[in-house]
Amino acid sequence: MSLLLFILLPLLAIFLMPFYRAYLHYVSTVLSMALFGLALTCKAALPLVERVAVDLPLAITFELSSVSWLLVTLFTLSMSLFSLYHLRFSSNKALFVGTNMLLVGVIGLVLSRDIFNIYIFFEISSISAYLLTSLNQDAKAYGGAIRYMIIGAFASLFFLLSIMLIYLTIGVLDLQMIAQRFNLIDEQVQYLILLSLFIALGIKTELFGLNFWVPDVYQASRSAVSGLFSAMLSKSYLFLLFHLAYLLHVSTSQMAFLTLVAALTFAVAEFSALKSRETKRIFAFSTLGQIGLIALALSYGDTALTEAALFLIIVHALAKLMLFLALDLLERRLGSTKSEIFARFESLFLMAVFTVGALSLLGIPPFAGFAAKLSLLKGLAGLEAYGAMALILTVSLIEAAYLFRLLSGFRQGEQKMVVTLSPLERLIFGVMMFALLLLGLMPQPLLALCQEAAQAMLGGYHAAL
Amino acid sequence: MNLKRTLRVETLLVALLVSVTTLVLMQILLNLHLAGHSLGDEILHINAASTQSANAVTSVVTYFRGLDTLGEVSILFLSIFGVALHMPRGSKNLFSYHNTLLYIGVSILFPLMLLFGVYVILHGHLSPGGGFQGGVIIAGAFLLRFLTYGDHYELKERVVSLSESLSGAGFIVLGLLGLLVGDRIFTQILPLGTLGELLSGGVIELIYIFVGLKVSAEISLLAEHFVKAHNV
Amino acid sequence: MVLIDCFLMLLLAYGFGFLYYGLYRNLSARVHGRFGPSLAQSFFDSVKLFVKEQSTTFGWMFYAGPIIMATGAVLNVLFIPFINHGDSLQGLSSSANLIVVLYLMVLGPLGNALGVGSNGNPFGVMGITRGLTRLIALELPFYLAVIGVMIDAGSADFSAIFEAQSQEMNLLKHPLLFMAAFISFLGFMGKSPFDVVGAPQEVYSGPATEFSGKFFALLLSQSAMFSFAKLLLMVNLFLGGADDLGDLVLKTFVLFVAATFIGSVYARFSTIQSVEFLMRIPTLLGIVGLALL
Amino acid sequence: MLHFEATLLGHLFFGLSLLVIVALLRKNDGLWHLLLLGSLGIIFYASSLVTLFIGWEMMGWSGYFILSKTARVSTLQRYILFNLGGAFALLGAIALLFSFMGSMMLCDIDLTLLPVWALHSVSALVLIAVFVKSGIIGAHDWVVDSYQEASPLFSAVLSAILSKAGIYLFIVLLLKQPHDERVLFELMAWLGAITSVVATFKAISQDEIKRLLAYSSIAQLGYIITALSLMQAYALEAALYHTVIHTLVKLLLFVNVAAIMAITGKERFSELGGLLYRVPLLFVLLVIGIIALAGMPLLGGFNGKFLLYTALLEEKRALLLATVMFSSASAFLYCYKLVYGIYLGQRPHDESPLHVSPKSYYIPQLLSAALLILLGFLPALPTPLFSAIGVEAGFSALEFTKPSILNSPFGSFNGAVLMSAFGVVFVLILGLLQRVHSKAKAAQNAQDISYCGEVPKAGVNLHFGYGMGHELGRIGFIAFILRRQSRRFWDYLNLIVGDLSILLRSLYALGTQHILLLSLLGFTLLLLGGL
Amino acid sequence: MFDSLHPLITMISLAIFGVALLGVLVKKNLFKIFLAFSVAESALFLFFIGNHYTPGLKAPIAADGITRFDPAFMVDPLPQAMILTTIVIGIAVSALGLSMVIRYYKLTGHMRIDKMDELGEEQ
């Protein structure tokens with residue numbers, strides 16, 4: 001058993017693509033489910049640490065801590081659902097390569113503990129994201145992809161700069177060792193490194209000030225792909241950003257700055273969605289909002305809040321993936337993603353899917369989003385962060401305004417197109433809805449996992465405060 | 001030249017910002033205290049023992065940080081895949097002229113370049129060079145053919161994709177074999193040999209062969225796609 | 001025993017009611033410089049109407065309306081004690097209190113309103129609406145005064161209210177409250193300037209428009225009793241109640257004469273005027289009175 | 001996640017819900033209504049704040065989905081935004097409580113431990129939730145439209161049950177807890193009273209039946225809120241009593257109106273009238289309903305008001321009491337308008353034939369009418385229950401002698417005597433009138449009137465239902481009340497937020513290079529700032 | 001003036017970096033923007049390698065005779081390996097970007113960054 005299997009197996013599957021060109025969707029499904037199973041079996045052995053080729057300090061370290069296990073499981077699960085959804089469609093090379101590479105990238109991002117190796121996965125995930133964005137091959141898709149690419153290249157410049165500075169001043173690449181010696185270097189350089197990392201990862205994490213490109217990219221991509229971005233890509237960077245922040249023991253004021261940025265991300269994105277008429281953009285804004293919320297929780301560096309944030313990551317990934325997949329279904333049938341389409345179809349099942357997804361996003365019981373929001377608020381209450389609580393509750397109302405505006409579309413419109421779902425689609429969406437409901441009613445098991453993960457993620461950070 | 005017209009206010013402002021940024025960066029970076037002791041020094045010390053490769057850079061690329069290289073190869077693959085996707089190979093070559101001198105020159109150069117490419121790949125652990133460099137040289141040979149032969153010449157897709165796929169898979173299998181034979185992934189599973197000989201360095205050479213094969217196939221493909229992007 | 005008591009009270013109320021009604025018509029005629037009808041004219045009118053052979057009805061609700069109205073008046077009489085002590089002439093007042101009586105006063109008009117509404121005449125309903133609108137304004141100062149009285153007595157029971165006035169009647173204790181209540185009382189009695197509801201002389205309209213024959217007779221009778229009940233209420237609330245029958249006659253008479261004289265010299269307010277007037281001066285008086293409490 | 005506990009208060013509220021929802025259960029919406037009932041059960045039996053909140057939200061959105069079958073989008077948006085606003089305020093209060101108590105269980109809450117500012121905040125937040133649910137003026141914007149556009153039977157559920165959840169919430173979170181919050185409660189008392197006045201006048205000026213009923217609901221809840229704010233045993237009894245009565249009354253009235261709407265297809269006073277002799281039973285039931293609604297003696301409706309008045313008297317809140325009594329007196333006008341506009345007066349000329357039999361609507365009405373009469377006869381029947389609830393909430397027990405006598409610190413009355421006296425007198429007078437030797441000639445129809453000596457022609461509609469109450473608009477201060485509309489404020493807010501949204505959205509339409517420029521600018525500024 | 005060439009290299013590479021950034025920020029042609037990114041990356045490579053080189057040391061390759069690997073006077077091989085990797089990544093990104101630009105040009109007839117308005121609310 002090796003952690004690298006999570007990376008090598010998809011890569012192998014991609015490289016061997018010429019041998020089963022016509023069956024890529026099956027391969028993708030089997031592979032992602034196998035990886036999901038693999039992830040599940042790893043649970044007993046946590047935490048797993050693996051060094052590639054040689055020993056420290058030279059080796060590239062991979063670590064499957066409770067938190068990265070949680071994320072890897074989430075990513076493989078999301079990928080499984082995504083692949084299952086695409087089983088109905090014909091084998092698509094670009095989709096296969098793009099999504100599996102994305103999986104490799106995001107798994108690498110959360111597993112790797114070597115800054116240069118992280119850069120490699122940073123690029124893998126970025127380039128596969130560019131590729132996925134341009135999948136539709138029309139002017140819109142290329143417009144979005146090019147925009148994405150330019151911004152991504154800018155981010156990678158800063159990431160590169162910070163890696164170079166780290167190696168020049170510290171002389172090591174392993175995160176743990178960097179963290180040990182980080183305080184020894186010149187303060188100005190420390191600050192420059194942190195700032196470059198913030199710019200690079202902030203762009204990728206889609207934080208306020210650096211996230212103005214996100215709705216365009218989501219709009220340019222296929223809905224299902226946007227779902228994958230929302231469920232996997234942004235989440236992995238979120239993890240990375242805060243993992244680094246905790247590891248490098250950023251100062252309290254810097255964390256407060258992150259809190260501010262996160263709050264702005266949340267509020268501005270939710271406000272922006274209010275009047276939008278393009279569903280993909282609305283969901284993109286909602287994703288930004290939720291990321292802001294998660295970042296807000298993480299930026300306190302508190303166990304309870306980190307637990308809530310991790311729970312929210314999982315719940316949001318599931319809900320958003322479900323919403324985007326359902327939107328993809330509609331987009332394929334109705335040929336549009338404007339919010340008017342909600343008035344143009346007839347399907348009780350899809351209506352239920354959208355409703356459950358929206359309610360969960362909003363944090364309305366009995367769905368999982370509520371358990372997340374509740375633990376978040378509990379955590380904030382524990383820290384006496386009343387301002388943040390007020391912000392969350394107020395902005396949630398804005399969120400409710402636009403999500404319910406979407407839902408109210410169901411009952412308008414005259415000529416409705418009957419949309420029937422295949423049994424497999426029903427199964428996928430049914431499972432996701434059930435999961436959201438179950439997690440809402442019985443969040444304790446997952447919360448317990450999240451708590452364990454939160455402790456692993458924070459490491460010694462809290463003690464340092 | 002009308003300065004007013006060519007230099008807009010916006011440009012000037014951006015230039016101001018960029019120069020401020022650069023100056024601030026410069027101010028910090030000019031006072032950089034470099035690390036006295038870095039990872040590389042340790043690599044140099046254990047290089048002989050663990051790889052028996054004369055080229056320490058090669059041992060880093062293929063052995064110590066083989067995973068990075070695998071990622072890099074994947075990125076290259078991904079990007080070439082994207083290029084192929086966005087610019088499907090047309091039948092028309094951009095350089096469809098006939099030049100006898102070039103034709104004869106390329107006929108002579110092509111095998112030589114191939115040979116040189118293979119040499120560079122195989123001697124990656126002994127001298128500067130390796131899979132990437134050799135692969136690009138080989139691809140350069142094919143580029144020359146595209147420049148010369150016009151519309152008639154095209155790569156055999158099957159061969160290219162198979163070599164690409166198998167070499168990539170080979171790299172990974174080699175890594176996985178480490179798990180089976182040795183104790184961890186990407187470890188040395190072959191005898192190290194003696195420093196300076198062709199058959200030395202353990203897996204390094206094998207990896208570079210795979211990389212070279214992959215890179216040559218991919219870059220050739222890249223060249224072909226750009227050369228024949230005429231009628232997309 | 002209670003039944004006899006009740007019967008006596010009803011008899012008294014009926015007699016005094018018509019007597020006062022006749023007096024009212026005489027007195028106001030004198031004020032206006034006329035002679036006016038005989039004292040018993042109203043009583044004769046009602047008897048005549050009772051035996052009238054024919055009357056128009058618009059269905060059972062129309063029939064039931066006056067009955068409910070009369071029932072309300074009778075209940076009012078029964079639940080307001082005539083005498084401020086002892087067991088006689090107390091009726092059913094021990095089973096109720098001031099708040100119940102205040103609300104019972106609206107029950108009759110409601111029944112009437114239903115009856116009036118069940119015919120198609122818009123003027124009847126117009127009268128009802130006027131009445132209800134005026135009621136809104138009438139009640140506010142009256143309630144203020146009543147609340148003052150109840151808070152002063154510490155209870156809504158009549159016995160407690162009498163008790164609180166045993167030394168000094170509320171008229172002297174809380175003159176402002178009395179004034180507020182008295183102005184409302186004028187309206188309740190249908191006296192000028194608040195008599196726009198019935199507008200008996202000038203406009204052929206008002207709640208009673210479509211009632212004829214025995215229905216109108218019933219309305220007249222209940223009106224007489226109801227008026228007496230209102231007088232009684234005012235006496236009980238502000239004049240300390242009656243010590244005996246003579247006192248009762250005296251106090252109600254004084255109050256009645258005062259109301260009649262004031263009513264006779266004022267011109268009629270329109271609905272809006274009366275509401276606005278009532279909302280200002282008596283309400284203010286009541287609030288000041290409460291503040292002084 | 002879910003913790004339950006059976007309390008008398010819960011039994012009372014859930015019993016009412018059960019009564020209403022079962023009485024109104026129809027086939028097509030059955031599932032949603034059962035979900036609603038389930039969520040109400042969760043609320044009323046919750047023993048932890050989280051459980052309570054879960055029920056609260058479920059109630060909100062299951063109501064939304066029932067409403068969404070008939071209501072317009074703007075109404076739906078209003079419904080859900082107000083309700084979620086209230087719910088989020090509640091969530092805020094819960095989180096705040098948790099931060100001080102460290103527990104989510106209701107039994108662990110001790111408001112005396114809170115610092116002053118937290119007590120104020122918790123109370124204010126809970127009050128927001130309560131006010132929104134009860135539709136206290138300012139937060140009532142969603143109520144009227146929702147009631148109007150809901151299906152008639154669901155309006156009954158909304159008014160009879162859902163609005164009471166706020167009352168329950170208040171009792172559980174603020175009333176049961178000892179604390180010394182006074183300022184907000186003073187405010188609340190006045191808000192309740194003012195709500196009842198304003199809503200009463202608004203109700204009078206409505207032309208749609210259901211809007212009138214909606215405003216009347218708001219007004220009645222105003223009384224309950226005022227009663228609750230007194231924090232005293234009899235006031236609690238008053239509030240609970242009034243809650244019960246209002247539930248029964250609104251069940252009766254809305255079902256009655258639903259029946260009318262079903263058989264005539266019309267829903268405005270200006271289109272209705274003169275139905276008295278076509279559906280006499282409905283008329284009688286409605287009369288019972290409005291007598292109870294107006295709080296006149298004889299029926300149960302008086303009891304709640306009586307208790308409220310005496311409680312206010314006991315607290316010596318004279319002005320508050322006067323305001324409440326004033327509004328209660330004004331309520332007669334809309335009560336009369338309700339019955340007159342539908343059943344009395346002349347029939348409209350374009351009257352369509354009655355096409356549906358109203359029979360299926362009788363059962364809930366008869367049920368609640370019977371209960372109202374029973375409560376009129378035995379006003380103190382539920383007193384032991386209320387007393388026990390009061391004791392549960394930490395108040396002293398209520399005085400109880402026998403079911404027919406309702407006691408209060410400011411006097412008592414005997415409902416049985418009142419009722420019997422009314423019955424006896426009514427029968428006597430009826431007998432008298434029958435004995436009189438005089439015939440009553442039946443008029444031909446409602447048009448057969450002496451109209452200044454002329455009989456109006458067939459085309460002249462003299463129905464007064466539409467205009468009734470309009471003259472109030474000419475009275476200064478009532479016109480002032482009628483002109484005030486919180487809708488304008490919310491619309492303005494909506495506009496502002498929408499503009500802000502579009503402004504902020506333009507950030508996301510920035511060109512690629514501008515985004516980069518901003519990032520670089522941020523980088524440089526932060527770099528300069530941090531050095 | 002300087003102990004080593006490091007300051008000079010830093011200054012030059014940062015100057016190049018700045019110019020490249022300027023190109024990224026003000027040039028309207030997509031092709032030029034991608035080129036500017038390449039230049040910026042190269043400037044970073046220059047900075048890194050240049051700063052890492054210590055005068056007097058030689059390449060980490062056993063050249064003469066190749067019998068013995070003597071780490072004493074060799075420079076750190078790691079940055080070179082890193083730069084090698086990064087260069088390849090840079091090529092990959094440029095290739096992909098340029099192919100997209102070409103395709104975009106064929107679809108829309110322009111490649112100006114300020115005219116890219118396919119996305120957004122109103123279409």
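Chain by chain through a predicted complex

Chain E has a mean pLDDT of 85, and 90% of the residues score at least 70; pLDDT is the predictor's confidence in each residue, from 0 to 100. This is a predicted model, in which local features need pLDDT of at least 70, side-chain atom pairs count only at pLDDT 80 or more, and totals for chains, interfaces and linings use all residues. Residues are numbered from 1 along each chain as its sequence is written, while chains are lettered from A and ligands numbered from 1 in the order in which they are written. The scores of the model are ipTM 0.88 and pTM 0.91.

Chain E contains three helices and zero strands, where helices (H or I, at least four residues) and strands (E, at least two) are DSSP runs, numbered from the N terminus. Along the sequence its pattern reads α-α-α. The radius of gyration of chain E is 20 Å, well over the 14 Å that the globule rule gives for 123 residues, so chain E is more spread out than a compact globule. Here the radius of gyration is taken over C-alpha atoms, and the globule rule is 2.2 Å times the number of residues to the power 0.38. Taken along the principal axes, the C-alpha atoms of chain E fill a box of roughly 65 × 40 × 20 Å.

Of the 123 residues in chain E, 49% are buried. A residue is buried if 20 or more other C-beta atoms lie within 10 Å of its own, exposed if 12 or fewer, and partly exposed in between, with C-beta atoms placed from the backbone. Among contacts in chain E between residues at least 6 apart in sequence, 55% join residues at least 24 apart; two residues are in contact if their C-beta atoms, placed from the backbone, lie within 7 Å.

Chain B can be read in the same terms. Chain B has nine helices and zero strands, in the order α-α-α-α-α-α-α-α-α along the sequence. The radius of gyration of chain B is 23 Å, well over the 17 Å that the globule rule gives for 232 residues, so chain B is also more spread out than a compact globule. The C-alpha trace of chain B spans about 65 × 55 × 30 Å along its principal axes. Buried residues account for 50% of the 232 residues in chain B. Of the contacts in chain B with a separation of 6 or more, 75% are between residues 24 or more positions apart. Chain B is assigned domain 1 (1-33) and domain 2 (56-227), with bounds that come from an automatic or database domain assignment. The C-alpha centres of these two domains of chain B lie 41 Å apart.

One place where chain B meets chain A is at A:P18. This residue sits in the loop between helix 1 (5-15) and helix 2 (24-42) of chain A. A:P18 counts as partly exposed because it has 15 C-beta neighbours inside 10 Å. Not counting residues up to four places away in sequence, A:P18 touches B:S161, B:L162 and B:S165.

Chain D is divided into domain 1 (1-181), domain 2 (184-350 + 357-438 + 448-484) and domain 3 (489-530). Over C-alpha atoms, the centres of domain 1 and domain 3 of chain D are separated by 37 Å.

Among the seven pairs of chains that touch, chains C and D have the most contacts. In this pair, 63 residues of chain D are in contact with 67 residues of chain C. The elements of chain D that give two or more residues to this side include helix 12 (301-314), helix 13 (318-343) and helix 16 (415-435). Helix 13 of chain D provides the largest share, 13 residues. By class, the side of chain D that touches chain C has 47 nonpolar, 11 polar and five charged residues. Ala, Val, Leu, Ile, Met, Phe, Trp, Tyr, Cys and Pro count as nonpolar, Asp, Glu, Lys and Arg as charged, and the others, Gly among them, as polar.

D:V339 touches C:L114, D:L286, D:V287, D:I290 and D:L344, not counting residues up to four places away in sequence.

Other pairs of chains stay apart. Chain B and chain C have no contact, and their closest C-alpha atoms lie 69 Å apart. Chain C and chain E do not touch either, with their nearest C-alpha atoms 55 Å apart.
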